[in-house]
Amino acid sequence: MQYNLINNITPNAAKGSAIFGIFKGANISQFSYAFDKPELTKISNIIKSSSFQGEINESISIYETLNKNFEKSYFIGLGEKNKYNEKKFLKAIKKAADVCKKENAKNIYINLDTFSHKDIKKDWAVRNISIKFNDIEYQYNKTKNKTKKINYKINKLIFLFRDNKSINKKIMNKAITQGEAISNGIKLAKELGDLPSNICTPTYLAKTAASLGKTNKKLNVKVHNEKEMKNMGMNCLLSVGNGSEEPSKLITVKYTGANKNEKPIVLVGKGITFDTGGISIKPSNGMDEMKYDMCGAASVLGTIKCISELNLKVNVIGIIASAENMPSGSATNPGDVVTTMSGQTVEILNTDAEGRLVLCDALTYAERFKPKYVIDIATLTGAVLVALGKVASGVLSNDKKLTEMLVNSSNISHDYIWELPLWEEFQSELDSNFADIANIGKRYAGTITAACFLSRFTEKYNWAHLDIAGTAWNEGGQKGGTGRPVSLLSHFIINYAKSL
Ligand code: BES
Ligand code: MN
Ligand code: ZN
């Protein structure tokens with residue numbers, strides 16, 4: 001995709017589709033800069049005779065307007081002017097991108113001033129347009145043979161500003177580049193999530209990490225096999241893959257963008273490529289969605305792809321703990337006790353609480369990098385869906401400052417998170433008669449007791465846990481990966497890099 005920032009369309013500029021935002025009840029005469037008078041009258045009559053009201057999620061396409069450069073014009077509803085805000089902006093831009101995809105628009109003129117508002121910063125707006133119009137190109141085709149494949153690609157995205165003086169082109173171009181990189185990270189995470197478990201195995205994740213590693217000299221990828229993990233004492237991680245034919249993998253992706261003495265941010269991803277529950281087997285209804293149980297790992301790779309494309313001056317290390325959770329004669333049984341890399345023993349009362357079992361050893365492994373912050377990302381509990389639905393990821397942390405920074409990035413990216421308490425009152429749920437810790441609590445507060453389990457392995461550093469079980473994919477007709485929380489994490493690291 002090519003980008004352009006212009007305030008004046010020259011007559012020989014590319015022909016394309018124009019996008020305008022329009023508030024409910026607004027006057028068409030505001031578009032007199034783009035159309036001559038007879039055209040405006042025509043547009044006004046078409047809109048008046050249609051059902052278009054200018055509400056959010058509404059649009060009207062006009063094919064016969066005679067601006068020399070605009071072959072087609074799309075008017076996107078913005079709702080009521082006094083209720084307009086960032087959320088409405090994002091909805092309108094999503095609608096605009098959907099319309100462009102449906103119409104296969106190749107050259108797109110987005111009339112930025114018509115979407116503007118005093119409360120919305122211009123670079124934020126441009127970054128988010130860049131994210132959404134790149135994201136709309138994502139289409140899952142990999143395992144489709146005979147169905148018609150959609151391969152939508154935008155040729156030019158042209159940002160039209162009328163008042164050129166208010167635009168700092170350098171800042172705007174940076175916002176465009178950031179948006180594109182964030183979207184590339186999101187696309188990678190979506191694709192890895194959407195791939196079925198017979199393709200996306202732990203070995204496949206390792207190969208994906210290795211090829212990502214080849215794209216930038218600042219990246220260095222290392223994959224540990226089962227034997228090496230055994231030697232490091234990662235019995236708890238290994239116990240999860242015991243029942244599977246697929247070998248487990250521990251993948252580290254190092255991005256060294258700053259001085260090598262600069263403490264890294266470590267991202268730890270849950271990479272269960274399929275979660276049957278193991279011997280504590282899940283009900284079969286909807287079990288296919290457990291191919292998404294590696295979305296934490298996918299978001300780690302997506303985020304590293306983004307920051308590496310941006311060549312950020314920061315050090316980040318991704319650690320992926322990957323296994324397939326299967327029942328079989330060699331699988332772990334409920335009641336089995338394993339010794340973790342930290343030396344603590346775990347009574348595995350439920351083999352379906354496997355995410356924490358792979359993460360705990362990866363979190364102990366993270367200590368060796370002397371991290372500034374460790375953030376783990378995991379589709380960890382069904383309980384987080386009960387608490388926060390599919391809107392917000394849960395965040396639980398042992399560090400106030402880190403939580404604040406993440407919440408701030410969530411507010412900017414609109415990739416929402418919400419804090420749940422990690423109080424000591426919940427810890428006793430994990431008491432065991434036969435080991436140092438049990439891997440499950442009782443019935444209530446499942447997201448918190450899962451985080452309590454992880455907290456036993458993160459005492460040596462500042463840590464936050466993101467439970468993305470509700471946000472990593474959409475269900476039903478729209479079933480598909482969301483790429484969350486790549487945007488949140490990318491915003492967080494972009495911001496953190498600025499502070500170095
Ligand atoms: N991968 C699941 C969590 C999950 C469930 C994600 C539903 C998305 C939708 C995780 O491994 C799991 O099975 N967790 C159990 C924990 C329980 C056994 C303590 C759960 O949430 O039911
Ligand atoms: Mn499970
Ligand atoms: Zn799981």
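**View 1. Protein donors of the zinc ion (ligand 3) in the predicted model.** The zinc ion (ligand 3) has Lys270 (NZ), Asp275 (OD), Asp293 (OD) and Glu354 (OE) as its protein donors, at 2.0 to 2.4 Å; donors are N, O and S atoms within 2.8 Å of the metal (3.2 Å for Na, K and Ca), and water is not among the atoms, so sites may look incomplete. Along the sequence, these donor residues follow the spacing K-x4-D-x17-D-x60-E. The site is octahedral, with 6 donor atoms and angles of 78 to 175°; six donors count as octahedral if opposite donors are over 155 degrees apart and all others between 65 and 115. Ideal angles for six octahedral donors are 90 or 180 degrees.

**View 2. The zinc ion (ligand 3) and the manganese ion (ligand 2).** Aspartate 275 coordinates both ions, which are 3.2 Å apart.

**View 3. Polar contacts of ligand 1.** A polar contact is a pair of N or O atoms within 3.5 Å. The side chain of glutamate 354 places an N or O atom 2.8 Å from an oxygen atom of ligand 1. For lysine 270, a polar side-chain atom is 3.2 Å from an oxygen atom of ligand 1. A polar backbone atom of threonine 379 lies 3.3 Å from a nitrogen atom of ligand 1. The protein buries 76% of the 510 Å² that ligand 1 exposes when taken alone (Shrake-Rupley method, 1.4 Å probe).

**Notes.** This is a predicted model in which local features need pLDDT of at least 70 and side-chain atom pairs pLDDT 80 or more, while totals for chains, interfaces and linings use all residues. Residues are numbered from 1 along each chain as its sequence is written, chains are lettered from A and ligands numbered from 1 in the order written, and side-chain values use heavy atoms, without hydrogens and water.

Notes: Polar contact = N/O pair within 3.5 Å; in protein donor to acceptor, adjacent residues only side chain to side chain. Tetrahedral: all angles 85-135°; square planar, octahedral: opposite > 155°, others 65-115°.
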